[in-house]
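Work through the exercises below with the sequence and the 3D view open. Try each task before you read its solution.

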Amino acid sequence: MQAEFDADKCLQRLAATIDPEKPTLFSLSGYEGSKPVIGWIDGYQFYLHKQRYWFNSFAPLFYGNFLPAERGIVIEGYFDTPRWTKWFLRLWLAAGILLGGPFLIGSILDLVERRATSGGDVLIGFLVPPCFILFGFLIPKIGLWLGIGEESFILEYLQRTFLARSISDGDRN
């Protein structure tokens, strides 16, 4: 997107129209403030997300920055999930594979050798590890589905706030 304002004016407009990301226990959204957009600003870099009244760590965040252009600025950015969410998901899947794998293999061996040395139900060993891993793949999809429309909301917010227009990669002058 391109805006006719300079970067400092854009930073002022952005700071005036978002609530800073300050977690609190005493709010339905989990954050202080009542503005529809929550964000963080550091120099000319920022990220934004929609204020929602349920917890969704997999909803998209807009990571952006202001770049100087011939006339005004270019707002460059992308949507992604928070970094800590990605790390948690990697840890979840690693635990599912490293801890659940031996249980699954043990259950298969118990079934093949027709013995029950583990003292538990073989069916648990077949269901729990694969479901644990499957949940690790499905929960981000469910989170994105619950956050449907948030990307377009943020893009419309940026266009409204900065009176910006969309540009293609070739029109960045």
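Helices (H or I, at least four residues) and strands (E, at least two) are DSSP runs, numbered from the N terminus. This is a predicted model, in which local features need pLDDT of at least 70 and side-chain atom pairs count only at pLDDT 80 or more, while totals for chains, interfaces and linings use all residues. Residues are numbered from 1 along each chain as its sequence is written, and side-chain values use heavy atoms, with hydrogens and water left out.

**Exercise 1. Helix α4 and its end**

Task: Find α4, check its span, and say which residue follows it.

Solution. 
Step 1. Locate the helix. α4 covers residues 150-162, which is 13 residues.
Step 2. Work out what to expect. The expected span of a helix is 1.5 Å times one less than its number of residues.
Step 3. Compare. From first C-alpha to last, α4 reaches 18 Å, close to the 18 Å expected.
Step 4. L163 follows α4, and its phi is positive, near 50°. L163 is a residue other than glycine.
Step 5. Check its surroundings. L163 is exposed, with a relative accessible area of 60%. The cut-offs are these: buried means under 20% relative accessible area, exposed over 50%, and partly exposed in between (1.4 Å probe, protein chains only).

**Exercise 2. The buried face of α4**

Task: List the buried residues of α4 and say why they line one face of the helix.

Solution. 
Step 1. Pick out the buried residues. They are E150, I154, Y157, L158, T161 and F162.
Step 2. Look down the axis. The buried residues of α4 fall within an arc of 100°, so they line one face. The arc is that of the directions from the helix axis to the C-beta atoms.
Step 3. Find the partners. The buried residues of α4 pack against β1 (2-3), α1 (7-17), β3 (37-42), β4 (45-50), β5 (61-68) and β6 (73-80). Contact here means heavy atoms within 4.5 Å.

**Exercise 3. Helix α1 and L14**

Task: Which residues of α1 are buried, and which are exposed on the other side?

Solution. 
Step 1. Name the buried set. It is A7, C10, L11 and L14.
Step 2. Look down the axis of α1. These buried residues fall within an arc of 100°, so they line one face.
Step 3. List what the buried residues of α1 pack against. The partners are β1, β3, β4, β5, β6 and α4.
Step 4. Zoom in on L14. Its relative accessible area is 0%, so L14 is buried. Not counting residues up to four places away in sequence, L14 touches I41, F46, L48, F66, Y157 and F162.
Step 5. Take a distance. L14 and T81 are 67 residues apart along the chain, and their C-alpha atoms are separated by 21 Å.

**Exercise 4. I38 and S34**

Task: Decide for I38 and for S34: buried or exposed?

Solution. 
Step 1. I38 sits in strand β3.
Step 2. Read its accessibility. I38 has a relative accessible area of 0%, so I38 is buried.
Step 3. List its contacts. Beyond four places in sequence, I38 touches D19, P20, E21, Y31, Y47, L48, H49 and Q51.
Step 4. S34 is in the loop between β2 (19-20) and β3.
Step 5. Read its accessibility. S34 has 67% relative accessibility, so S34 counts as exposed.
Step 6. List its contacts. Leaving aside neighbours within four places in sequence, S34 is in contact with D19 and Q51. The C-alpha atoms of S34 and D19 are separated by 7.3 Å, with the two residues 15 apart along the chain.
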